[in-house]
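Try each task before you read its solution.

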Amino acid sequence: MLPTMNASISVSLNSPQFLAHTSFTSSKLKYDTSRRSLGICKCVSSPPTEQTAYTTKVSRNANMAKLQAGYLFPEIARRRAAHLLKYPDAQVISLGIGDTTEPIPDVITNAMAERARALSTVEGYSGYGAEQGEKKLRSAIASTYYKDLGIDESDIFVSDGAKCDISRLQVLFGSNVKIAVQDPSYPAYVDSSVIMGQTGLYENQRYTNIEYMRCDPQNGFFPDLSLISNADVIFFCSPNNPTGSAATREQLTQLVQYAKKTGSIIVYDSAYAMYISDDCPRSIFEIDGAKEVAIETSSFSKYAGFTGVRLGWTVVPKELLFSDGFPVAKDFNRIVSTCFNGASNVAQAGGLACLSPEGLKAMQSTINFYKENTQIIMDTFTKLGFDVYGGKNAPYVWVHFPGRSSWDVFAEILEKANVVTTPGSGFGPGGEGFVRVSAFGHRENVLEASRRLSQLYK
């Protein structure tokens with residue numbers, strides 16, 4: 001019997017894969033004269049034919065073809081898996097992807113559990129909620145993070161995370177805008193821009209029609225704004241992922257003044273603001289005039305261990321207007337109402353608990369734990385003689401390997417130390433020659449990884 005061929009796969013009837021599963025074809029049969037006396041026949045196929053897979057008439061989104069390889073973090077996971085296939089007994093420690101590792105504090109999970117149990121009662125059940133988030137949570141976010149900054153609860157949109165909101169904001173802006181990003185920066189900004197059709201092709205390690213704002217040790221990881229030309233939307237992350245640097249009040253004032261001068265909109269990612277240890281601003285809205293030019297997005301992921309729970313928020317001030325005077329918040333509200341049914345009511349109960357006095361104290365304790373991890377990693381690389389950046393205000397350490405490919409360094413550390421890091425070039429051309437080391441990890445793993453790195457580079 002001929003094997004069944006899946007319609008989604010193109011199969012050659014003369015291919016080794018096909019012939020390995022069958023002793024004859026539907027083409028002519030002829031006997032092997034040398035074996036005819038034994039009654040054995042030999043299959044001889046006619047010229048190869050190709051079984052063509054069925055296709056629809058729908059064209060692929062051409063912008064998807066512009067994307068380079070896979071998204072950075074799944075690619076790292078793929079290489080980690082390949083390493084484990086090669087070395088199945090390896091005790092791999094991951095300091096790569098920025099996923100939290102420590103348990104969510106009881107005060108927060110208890111609130112989620114209570115809300116979940118209430119869903120089993122007539123009195124406690126709730127279905128669809130407001131797409132913008134529950135009023136109590138929006139009010140708590142406003143009073144906790146934006147007190148005295150002129151941000152109202154109506155300016156806040158609760159979501160399933162900052163990364164999701166980045167893509168919704170791209171839908172809001174559409175395909176006819178030009179973005180600027182810090183270089184290096186979180187790859188979701190660039191990849192979502194490519195998918196939306198805002199960019200040209202990938203050339204010389206960057207996409208055309210994107211402004212790459214170089215941030216390196218020479219400029220203190222703050223870009224020279226005078227070099228930016230015609231950017232409509234500026235994505236800016238502080239504390240920055242991956243470099244770990246936080247912009248000062250003076251620098252953010254420059255950024256806001258630049259946006260007001262050029263008419264640009266700033267999308268400010270403050271997902272690591274609670275890690276700030278000095279007097280750097282935790283919100284863009286601490287800067288005068290920012291409400292007229294900025295949107296801020298943030299998340300509970302790195303504060304409360306909500307990477308899997310999924311809860312964040314975006315602030316769109318009512319003062320922010322498009323060029324025709326139409327409020328940006330009204331269009332974002334339309335996007336949210338169309339694309340989203342609101343964050344999980346159980347997750348929102350957890351978010352409300354995060355912002356209680358006990359929850360804030362518990363979150364800060366977890367953050368302090370990760371900051372201690374950061375110090376261990378920084379001390380390790382510093383003692384080994386590397387130039388090390390970040391760490392003070394973020395859970396990331398940015399380590400310089402001058403003259404080397406960041407993917408080569410990633411491979412070396414994985415192969416020889418069984419430690420996963422993140423290659424800097426995955427964050428943009430400005431990240432070449434660096435690796436990012438995450439402080440998210442159990443303490444014993446961070447200590448063991450530091451021991452292995454010290455052995456590798458002693």
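**Exercise 1. Strand partners**

Which residue stands opposite V435 in β19?

Solution. The model is a predicted one. P423 stands opposite V435. Next, look at the strands: β18, residues 422–423, pairs with β19 in the antiparallel sense, over two bridges. Then turn to β16. Five bridges join β16 to β19, and these two strands also run antiparallel. Here H400 stands opposite F434 of β19.

**Exercise 2. The faces of a strand**

Find which residues of β19 lie on each side, and say whether they are buried or exposed.

Solution. Start with the general rule: side chains in a regular strand alternate between the two faces of the sheet. Now apply it. One side of β19 holds F434, R436 and S438.

**Exercise 3. Classify a ring pair**

Classify the pair formed by Y370 and F440.

Solution. Two values describe a pair of aromatic rings: the distance of the centres and the angle of the planes. For Y370 and F440 the centres are 4.7 Å apart. Pairing requires centres within 6.5 Å. The planes stand at 80°, so the pair is edge-to-face; the cut-off for that class is over 60 degrees. Now place the residues. Y370 sits in helix α11 (residues 357–383). F440 sits in the loop between β19 (434–438) and α13 (443–456). The pair links distant parts of the chain, 70 residues apart. Both residues are buried.

**Exercise 4. A second pair**

Classify the pair of F401 and Y457, then say where each residue lies.

Solution. The ring centres are 5.7 Å apart and the planes are at 55°, so this pair is tilted. F401 is in the loop between β16 (396–400) and α12 (406–417). Y457 is in the segment after α13. The pair therefore ties together parts that are 56 residues apart in sequence. Check burial against the limit of under 20% relative accessible area. F401 has 4%, so F401 is buried. Y457 has 16%, so Y457 is buried too.

**Exercise 5. Clusters and charges**

How many aromatic pairs does a search of the whole structure find, and which arginines lie over a ring face?

Solution. The search finds 26 aromatic pairs. Ring pairs link F73, F221, Y389, W398, F427 and F434 into a cluster. Now the arginines. R79 lies over the face of W407, at 3.9 Å from the ring centre. R206 lies over the face of Y212, at 5.2 Å from the ring centre.

Methods
Residues are numbered from 1 along each chain as its sequence is written. Side-chain values use heavy atoms; hydrogens and water are left out. Rings of Phe, Tyr and Trp (its six-membered ring) pair if their centres lie within 6.5 Å; planes under 30 degrees apart count as stacked, over 60 as edge-to-face and the rest as tilted. Helices (H or I, at least four residues) and strands (E, at least two) are DSSP runs, numbered from the N terminus. Buried means under 20% relative accessible area, exposed over 50%, partly exposed in between (1.4 Å probe, protein chains only). A charge sits over a ring if NZ of Lys or CZ of Arg is within 6 Å of the ring centre and within 35 degrees of the ring normal. Two strands pair if DSSP finds at least two bridges between them.
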